[in-house]
Amino acid sequence: MEQAQNRDIILSCRNVSKAFGGTQALDDVQFDIARGEVHALLGENGAGKSTLMKIIIGLFKADKGAITFDGKPYHAKDPSDAIRKGISMIHQELNPEYYLTIAENIFLKREDVRGGVFLNKKATNRKAQEILDHLNVKLNAKTLIEELTLAQCQIIEIIKAISFDAKLIIMDEPTSSLDSEETEALFNMIRHLKSQGVSIVYISHRMDEIFQICDHVSVFRDGRFVGSDLIENVDREKLIAMMVGRKVKNIFPKTECAIGETVLRVENLSGKGFSDISFEVRAGEILGISGLVGSGRSETMRALIGLDRLESGKIYLDGQEIKIRSVRQAVSQGICMVNEDRKNYGLCLHRSIRENVSLPTLRVMHRKLLINKRKEIKDTTEAAQSLTVKAGSMELDAYSLSGGNQQKVVLAKWLMAHPKVLILDEPTRGVDVGAKSEIHNLMGTFAAEGMAIVMISSELPEIMGISDRILIYREGRLNGEVSRQDVLAGRETQETILAREF
């Protein structure tokens, strides 16, 4: 790939290297971004993208290399220093202050103080509301963050970064929890920033977005710089091959399985955010759930497994009506769910891989008052190996793994419970192309073994690629069903499905 010439470079990284112990995370990488440019940075999990960005914002210190920003040598002591110098980053894993308002989050540590002592809440709320209104975000600045959806929290984090008047904003998987309408709103924000001369580093595993919003693209692989070019000079297949070092023929591999008897059937389920939901899923079937964020998809599944209160409706498992009032009851009945937010709800990040995988089955590993450690090590190791979790040791903390491997640990954890029904909410959110394909293959394996799978996804190509049937949610209700045969025959497309989501 050849670099485009005559670009007004605002940030330049040359021969940057970083090692963690014996692992070389970055090896003499280079990266340039021009003023007013949206630049995609691609690579599999572990390719070094996040490491370089964390060096730029001052979280890590490079072992060697040089960085210039806005024509001057650049080094940030910490993220606050980077912000003062004009660089802000929106992280994939959000960490807002949930008990503060939107306005307080946006201006955290930059509060309007009267007389150097008292917070001027009125002025803070007014300024925040002006920003929200200017960006056409229909939220009240006085709303507590804990009252927002994950997608709305993501938007507030983006607005917070914009409010710093940064010259360069790094966006790490900014649309991972946004639906199509919210994604388009984000793209409009990005276009506005670009018109103001702001540069955007755009990290995403959603290839369609790269071609829709980015001007330039750079690719890292295994901690090394692979190449960089104008987006118009590359195609999807070429970028994927550069990222993984090989051709990936099918990102959405579908394992053909024999569909058996109905395992789970629900009738007229109603609760907060959904009403009158009825469906069934059979052994060996992957049932896809499509719809906008907030359409009731996740809310239905949370109530189904006892996380939230179910107001009415009936649940049948293997033909028998069951009652579920807690997650423990759901798991004991054979219904498990992988939550979309693996960091907060799927993993204990500072516990070992072994401890995370064994959590749902600790009761069966008890030997009187003690855990049967030998059995725990054997069973968790076998579970992790069956899902090809890449880790040097089962005793490594979960936070040290890449996003794809963290997701596999969550899957291994629930597989230890031997579920009849496995609900997957955004199972490939924030994982790279290679890991995404692996997870899809695993889903096919589970289905072939007779498991009934329900998959929620905001990516229509994913839903259409591996589902046997697709249910479409709209404003808390079901608004249609699509068969795999209709998709394969071209009678149903992304456009026809999307039309029923709005």
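A residue is called buried when its relative accessible area is under 20%, exposed when that area is over 50%, and partly exposed in between. The model described here is predicted.

Arg 14 has a relative accessible area of 34%, so Arg 14 counts as partly exposed. Its side chain forms a salt bridge with the side chain of Asp 32, at 2.7 Å from N to O. Arg 14 belongs to strand 1 (residues 9-20) and Asp 32 to strand 2 (residues 23-34), so this pair ties together parts that lie 18 residues apart in sequence. Asp 32 is buried, at 10% relative accessibility.

The structure holds 35 salt bridges. Three of them, including the one just described, are listed here.

| Salt bridge | N to O distance |
|---|---|
| Arg 14 and Asp 32 | 2.7 Å |
| Arg 469 and Glu 481 | 3.3 Å |
| Arg 474 and Glu 475 | 3.8 Å |

Salt bridges with shared partners also join Asp 8, Arg 35, Asp 70 and Lys 167 into one network.

Glu 481 lies in strand 24 (residues 477-483) and Arg 469 in strand 23 (residues 469-474), so the pair links parts 12 residues apart in sequence. Glu 481 is partly exposed at 47%, whereas Arg 469 is buried at 13%.

Lys 254 sits in the loop between helix 8 (236-244) and strand 13 (262-271). Its relative accessible area is 17%, so Lys 254 is buried. The side chain of Lys 254 makes a polar contact with the side chain of Asp 468 at 3.0 Å, and reaches the backbone oxygen of Ile 466 at 3.2 Å.

Notes. Residues numbered from 1 in each chain as written. Predicted model: local features only at pLDDT ≥ 70, side-chain atom pairs only at ≥ 80, totals over all residues. Heavy atoms only, no water. Helix = DSSP H or I, 4+ residues; strand = E, 2+ residues; numbered from the N terminus. Buried < 20%, exposed > 50% of the residue type's maximum accessible area, 1.4 Å probe, protein only. Polar contact = N/O pair within 3.5 Å; in protein donor to acceptor, adjacent residues only side chain to side chain. Salt bridge = Lys/Arg side-chain N within 4 Å of Asp/Glu carboxyl O.
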